[in-house]
Amino acid sequence: MLDTSKFQVELKLFAIRLPRELCKAASDLLHGYMLDKPRTKPITKDPTSEKNRYIILSEKVQDPDLSDIPSEKIDELKKLFKVEVFPYSVTLGYSHWGADHVLRQILPPGTEAPSSFETIGHIAHMNINDELLPYKDVIAKVIYDKNYPKIQTVVNKVGCITNEFRVPKFEVLAGKADMTTEIKQFGATFKLDYGLVYWNSRLEHEHIRLVSQFKEGETICDMFAGIGPFVIPAAKKGCLVYANDLNPYSVRYLRINAKINNVEDCVKTYNMDARKFIAQLMVVPTCETQCASTEVRKGKNMRIKASVSVDTKPWEHVDHVIMNLPASALQFIDSFRGLIRRKFWKGSLPWIHCYCFMKLTDTRESILSEAESALKARIQDPVFHMVRSVAPHKDMYCLSFKLPEEACIWEE
Ligand SMILES: C[S@@+](CC[C@H](N)C(=O)[O-])C[C@H]1O[C@@H](n2cnc3c(N)ncnc32)[C@H](O)[C@@H]1O
């Protein structure tokens, strides 16, 4: 239980009464000597006269003769008005202090106050370390109180992520037990259930960076799409996107997000293993009439009538493939071998954007060599982009390269 009365402090101070129109000039002169406490204004009304204000002085000023303030400042004040000093008491309570201050009072000395958290819509996601777990409820209460109403649910990650959907287990420590929330990113709205799908707000820059490389009208495949942080902005840009995820809840939210962002027509969703997805996408249908005529959205707001067989033949052309599953995406690279049928393919080969972790023993050469062995081909001009540092000696990278012809072309 958090005893908020413990944070009550009464400060015995002094205040100067002055005509309200002189507040600005006087506070400039008294800079550094006025009350400086969180969520407390140093200038207040005089309850006996609307024409006057009080400037509350800081604890530095201990004497009513104001001898703690340089005499030249007092002389300047005296030129402006008749300086009258009054005793003034200020009571500061729990509501005045920030989360960091409150937590430092509650937690054992020497521990670091865990006042930071990741924000996902109305949810505050904390990773409370083992040492502070006995205090988890009180920590969550403080975070909730100090950030309400923006934050309405405080959760703590429990254990390590072990499932293939990369969804952590959470315990709700404070607020409502509602994990369905909405986020704005890159001008798009994303709805998600944070307890059921993968989401990482720290990847926002990466989502923007990669999508900025795509051009209107291009065809994109996202093998590990999640709820669509690459897919939806790419579709909003006028790309046609084939998006897959193994987690059925991710695909459910991906579809919802395509709908709420008004890009349903340019996002085709799949719920299967990424290897099967990419193989299935490249199968040339035996009967071209399967490719029914439909409406395809091109550009931002323009609807054009087009045949899917013209606009959506991934076995004829794909511009970019996204593989954001850093822990194991490299192990899926071999699925590109012999994938593309020369006689149907048009234009250049796709760019692959494969995310990976680089640990202490890894190098760019070792990562590249793993990708090349999987492809059984040399990669020309690979581009490594450092995305973020995940942990000490563990960085997330994006390896981008043009799929080498000798790896992926199937000659018949
Ligand atoms: C790191 S998340 C990335 C999601 C999204 N692209 C993003 O940037 O937020 C990886 C996603 O891959 C999905 N996934 C894991 N294994 C998969 C597999 N074998 N095939 C397809 N999707 C898989 C997970 O469910 C998860 O949504």
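## Exercises: sheet and cores

**Exercise 1.** In which sense do β19 and β20 pair, and over how many bridges?

Solution. β19 and β20 are antiparallel partners, joined over 7 bridges. Pairing requires at least two DSSP bridges between two strands. Strands and helices are DSSP runs numbered from the N terminus: E for at least two residues, H or I for at least four. Within this pair, K394 of β20 is opposite A391.

The model is predicted; local features need pLDDT of at least 70, side-chain atom pairs count only at pLDDT 80 or more, and totals for chains, interfaces and linings use all residues. Residues are numbered from 1 along each chain as its sequence is written, and side-chain values use heavy atoms, without hydrogens and water.

**Exercise 2.** Give the strand order of the open sheet and name its edge strands.

Solution. Step one: the 7 strands run β13-β12-β11-β16-β18-β20-β19, with mixed pairing. Step two: β13 (267-270) and β19 (383-391) each pair on one side only, as edge strands.

**Exercise 3.** Which residues of the largest nonpolar core touch the most other members?

Solution. Such a core joins buried Ala, Val, Leu, Ile, Met, Phe, Trp, Tyr and Cys residues through side-chain atoms within 4.5 Å; buried means under 20% relative accessible area (1.4 Å probe, protein chains only). Among the 45 residues, they are M223, V321, M323, F336, L375 and L403. By element, α10 gives the largest share, 5 residues. Beyond four places in sequence, L403 contacts (heavy atoms within 4.5 Å) F336, I340, L349, P350, I352, L375 and C408.

Conventions
Buried < 20%, exposed > 50% of the residue type's maximum accessible area, 1.4 Å probe, protein only.
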